[in-house]
Amino acid sequence: SLTLELASDRLFFLGETPVGKRIIMLVAGLVTAILVTSYGQVILNDWNQPFYDAITRRDLNEFLYQLGVYFVIVSCLLVLDVSQRWLTETIKFRLREGLTRDLLKLWMAPRRAFWLATSGSQVAVNPDQRISEDAEKLCGISADLSIGLFRASVLLVSFAGVLWTISADF
């Protein structure tokens, strides 16, 4: 669309704007939350052995202790998952804000309104709504794809390490 053509001739550098600085801080927080969540999942995986040992020995005190450990681990993972979701949605919002501001500068350039009015295409109809829709789609898809890819990569590396450690005896 025309919105992407207008944005393609100008690079959007995150560190140059106040919105970009917020995005960098949010991404750093999200990366930290993803890494800590991955570590928490490895801890939860390690927790399985003592729990099943307590069941095998029929040790009620150890069983109750392991249930307490489980609730602490799961509570921490739940807080981390909620914070990841909040950070993801906030990153999408801030990306959309920065892109929309940048696109508005491009759309509202001198003589742009005349050019749009005389172009005779559907682009000239409600350009503000087109900017909003295009920015929302681009930022949402980009954020979901990049965050999902990073999360999956971290999970792959962490559990490959777990499987490598477990299979060392074979």
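## Helical fold and aromatic pairs

Along its sequence, the protein chain follows the pattern α-α-α-α-α. The model is predicted, so local features require pLDDT of at least 70 and side-chain atom pairs pLDDT 80 or more, while totals for chains, interfaces and linings use all residues. Residues are numbered from 1 along each chain as its sequence is written, and side-chain values use heavy atoms, with hydrogens and water left out.

The protein chain has five helices and zero strands; these are DSSP runs numbered from the N terminus (helices H or I, at least four residues; strands E, at least two). Of its 170 residues, 29% are buried.

A search of the whole structure finds five aromatic pairs. Rings of Phe, Tyr and Trp (its six-membered ring) pair if their centres lie within 6.5 Å; planes under 30 degrees apart count as stacked, over 60 as edge-to-face and the rest as tilted. The ring centres of Trp47 and Tyr70 are 5.0 Å apart with planes at 35°, so this pair is tilted. Because Trp47 belongs to helix H2 (residues 18-57) and Tyr70 to helix H3 (residues 60-107), the pair ties together parts that are 23 residues apart in sequence. Tyr70 and Phe71 form an edge-to-face pair, because their ring centres are 5.6 Å apart and their planes lie at 65°.

Ring pairs link Trp47, Phe51, Tyr52, Phe63, Tyr70 and Phe71 into a cluster. The table gives accessibility classes: buried is under 20% relative accessible area, exposed over 50%, partly exposed in between (1.4 Å probe, protein chains only).

| Residue | Relative accessible area | Class |
|---|---|---|
| Trp47 | 9% | buried |
| Tyr70 | 29% | partly exposed |
| Phe71 | 52% | exposed |
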